[in-house]
Amino acid sequence: MLNTEFKVKIIEVSPDNKEVKELINKLDKFQISLYGIEYCNLDSIEELKENKAYILGAYVDETLVGIGAVKLFETYGELKRMFLEEAYRGKGIAEKIIWKLENHIEKMGLKKIYLETGYLQKSALNFYKKLGYYEVEQFGSYKPNQVSIYLLKEV
């Protein structure tokens, strides 16, 4: 679980935050390198703001090391923009971000949280499944394609 060598603080952040933008750019570059731009569903900072996404940042000391967001829809939430710097993976930080996002979904009166990821991200898929997410058909406005995997968790 969480490594006690450092203290992690998870707080709401703005998509306009310079550090948040930097992590989103890293995530975009990574996903594009795996799938090509045509298969990536990359919500821009503007889209996150327009959809009033709830965005969390994980800080170690004063450094932003991870982010995660959730977009709210009428009947569900969608997990978006999960990214954790590689040096901090496997230390329980991503779980804490997701738990806080799931808690936000529950507080908003929603019972389902979906996400879309790619088939090449095996460790991410295993991570989400460990947290209780399971594969489903596409949802929302997503169109079936050869790379996307859709997951759901009822909270």
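This report covers the sheet, the helix packing and the salt bridges of a predicted model.

Residues are numbered from 1 along each chain as its sequence is written. Local features need pLDDT of at least 70, side-chain atom pairs count only at pLDDT 80 or more, totals for chains, interfaces and linings use all residues, and side-chain values use heavy atoms, with hydrogens and water left out.

**Sheet**

Helices (H or I, at least four residues) and strands (E, at least two) are DSSP runs, numbered from the N terminus. Seven strands form an open sheet with mixed pairing, in the order β1-β2-β3-β4-β5-β7-β6; two strands pair if DSSP finds at least two bridges between them. β1 (8-12) and β6 (134-136) each have a single partner strand and stand at the edges, so one side of each is left without a neighbour in the sheet. From one strand to the next the twist averages 30°. β3 (residues 63-72) pairs with β4 (residues 77-84) in the antiparallel sense over 6 bridges. G66 has L84 of β4 as its bridge partner.

**Helices on the sheet**

Contact means heavy atoms within 4.5 Å. Axes are lines fitted to C-alpha atoms, for helices over the stretch in contact, and angles run from 0 to 180 degrees between N-to-C directions.

| Helix | Strands touched | Angle between directions |
|---|---|---|
| α1 (residues 18-35) | β2 (54-60), β3, β4 and β5 (112-118) | about 75° with β3 |
| α4 | β4, β5, β6 and β7 (148-154) | about 15° with β7 |

**Helix pair α3 and α4**

α3 (residues 93-107) and α4 (residues 122-130) pack with their axes 12 Å apart, at an angle of about 55°. α3 is therefore oblique to α4; angles under 35 degrees count as roughly parallel, over 145 as roughly antiparallel, 65 to 115 as roughly perpendicular and the rest as oblique. A94, E95 and I98 of α3 make the contact with F127, Y128 and K130 of α4.

**Salt bridges**

The count of salt bridges is 10, where a salt bridge is a side-chain nitrogen of Lys or Arg within 4 Å of a carboxyl oxygen of Asp or Glu. E85 lies in the loop between β4 and α3 and K26 in helix α1, 59 residues apart, and the pair links distant parts of the chain.
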